[in-house]
Each structure stands twice: as structure tokens, then as C-alpha cells.
Amino acid sequence: MGQHSSEITHRSVASPGGRIHLAEQGTGPLVLLIHGFPESWYSWRHQLPVLAAAGYRAVAIDVRGYGRSSKPAATDAYRMLGLVEDNVAVVRALGEESAVVVGHDWGATIAAHSALVRPEVFRAVGLLSVPYAPPGGPRPSSVFARMGGDEEFYVSYFQEPGRAEAEIEPDVRGWLAGFYAALSADTMPAADAPDPHFVSKGGTLRDRFPDGRLPGWLGERELDVYAAEFERTGLTGALNRYRNMDRDWEDLTAYAGAPLTQPSVFIGGGLDASTTWLADAIDAYPATLPGLVSSHILDGCGHWIQQERPAEVNRILTDWLATLPS
């Protein structure tokens, strides 16, 4: 077992996109943790000490465009292959040859593609909330444009530069509170309410956020941490991930239909649209994730899975990690 460090240490390392900020705790085999939208390294605050205590070197990054990491100005600087190379650079800067990579939301997709494109570096992959689906199929922007009928799917809404920023940045803290609440099990809108993943004509996403209380996993202090980061950085770096989906589709043509063969684990929330809408991707795991060790759907859990249900997620992750060759 590694030495349990009681402190999280912070530093930045060089990467193709400039610098990547990371938070690190513990010693042992490297576990690289990749957050989603709109979050930061801080979304792994419950996992870092537990993984460290279990004998791992747990490292959570701020993805390019977020937090204290670099924010290139060009929109196309946020394509998937660049983010994969950031992850490789972090592993190398830490003096390691390989790592287990675990991601949530967009971080799950980044983790999966890191393992797909650089299998010699990423020896196992953990996916939270967003299932693995191999590259390929129709052009993403065409798929999203057909969703929602008269309404607009949030991904299409995010893809237009400046549009979502105009909604979010006048009140970052309030918008984040509503977005987090909209996708949390204890505060999400009722099943018969207008879906917060869609925008009505001439409207905004915020129109459908629940009013009032914060979800149980998110206190005022935690919200302050997230809000302070995005008030400082703005949202463009984070939103640019959505603005590169067609570029990614083109860049990853050589990997169309490719399975992820490394040992893997999936954890989804039973009330999360990412899990229910992508049920076919989960059903395809025998073909797309042939190295799958276990798959878990947490009943009554929303999207922010490692924050909503940290004890369960920590147990699943540490049990899975214990099955991997050291």
C-alpha cells in the first residue's frame, strides 16, 4: 500500500496546449482523473483521499480551458486529439510510463479516447456517466440538429460561439447552481416538466432550471469554488469542447467502430439522461468494451455521480483498481 498523504498538492506541468494544472494525493500506481462540464479538478475531491489511502497516486487535472490550466484562444485548440496529448504529457511530466485513466461526463469521453488513441500509455479506463461509443456514424452536428423537434438540443445551443456565454456569464454562480440542480437526482425537474436539456425557440437553458434549493451534494461553499473559477476564466474554454465535435469526427476516422480493449469499468446514474438516452451504447459493451470488468447503474442517482454518491463510487473504483495488474 502507498503512503497516505493527508494533503492535496497542486502544481502545473507543461503540455501541448501550454500548461495543465493538477491536484495530486498519495503514492503508488498513477490514476488520472478527468472532469466534465462545467467542473474542475475539484469534482474529484471525494476520490483523491480515498484513492490515496488505497495505495494509489491520484491526480485530478483541470482540463485545457478550465481552472488554472491554459486557455488557448483558437476554438480548434480544444479538439479531442489535443486533450489526449495533454493527458499523455501529464503522465510523462509525473515521471510515469503508464496510468489508469478515469473520467466523468466529457471527461469520460476524453478518458475513453485517451485509451483508444494511446493504449501504450493508458492501461485501463473508468467511465462515469457517459458510456463509451466508438467513433464514427453520422456527423455529430447533423444528429444534434434533428433532436428536439421545434426545440433546440443543448449541444447545438452550446456549439454557436458566444451564445451560451451571453446567457451564463452575467450570473455565473446562479447559472451553475441551476444547471447542477437540473441534473441532480434530488432537485431535477419532474418527468412531466419541460426537459432542461432543450431550449425553446427564443429562450435559454436557464428558463427550465429548477428554482430554489441546491442539490444535497452541493453546499454554498462548494458552489463558491466552482463559481469563482468560472467567474475568473469565463466559459469559452469549457464550451469550446462542444464546438469541436465535428472536427473530432473527422480526426478520428481511422478509429471508426474501434473497441476499447483495456480493462474497464462503467458507473452510471439511473436518473441520468446520459445513461438512459445512451442505453444502446451500454447494451453494446460486449462488443465495444471487451475488457469490461463491471458495469453499474446507481438507482436514484443523477448526473454528478462521484459527488452525489461518493461512497459507492469510491468503493466501485477501488474494487476495480484492485483487479488490475500493478
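**Figure 1. Phenylalanine 158 is a buried residue, with a relative accessible area of 0%.** Buried means under 20% relative accessible area, exposed over 50% and partly exposed in between, with a 1.4 Å probe and protein chains only. Phenylalanine 158 and tyrosine 242 form an edge-to-face aromatic pair, 4.9 Å centre to centre and 65° between the planes. This pair links distant parts of the chain: phenylalanine 158 is in helix α5, tyrosine 242 is in the loop between α9 (236-239) and α10 (245-251), and they are 84 residues apart. Phenylalanine 158 and tyrosine 242 are both buried. Rings of Phe, Tyr and Trp (its six-membered ring) pair if their centres lie within 6.5 Å; planes under 30 degrees apart count as stacked, over 60 as edge-to-face and the rest as tilted. Helices (H or I, at least four residues) and strands (E, at least two) are DSSP runs numbered from the N terminus.

The model is predicted: local features need pLDDT of at least 70 and side-chain atom pairs count only at pLDDT 80 or more, while totals for chains, interfaces and linings use all residues. Residues are numbered from 1 along each chain as its sequence is written, and side-chain values use heavy atoms, with hydrogens and water left out.

Figure 2. The structure holds 25 aromatic pairs. Tyrosine 154 is buried, with a relative accessible area of 19%.

Figure 3. Arginine 243 is buried, with a relative accessible area of 9%. Not counting residues up to four places away in sequence, arginine 243 touches Thr75, Phe158, Gln159, Glu160, Pro161, Gly162, Glu165 and Thr236. Contact means heavy atoms within 4.5 Å.

**Figure 4. Helix α7 (residues 172-182) is mostly covered.** Nine of the 11 residues of α7 are buried, among them Trp175, Phe179 and Tyr180. The buried residues of α7 pack against α5 (154-159), α6 (163-168) and α8 (220-233).
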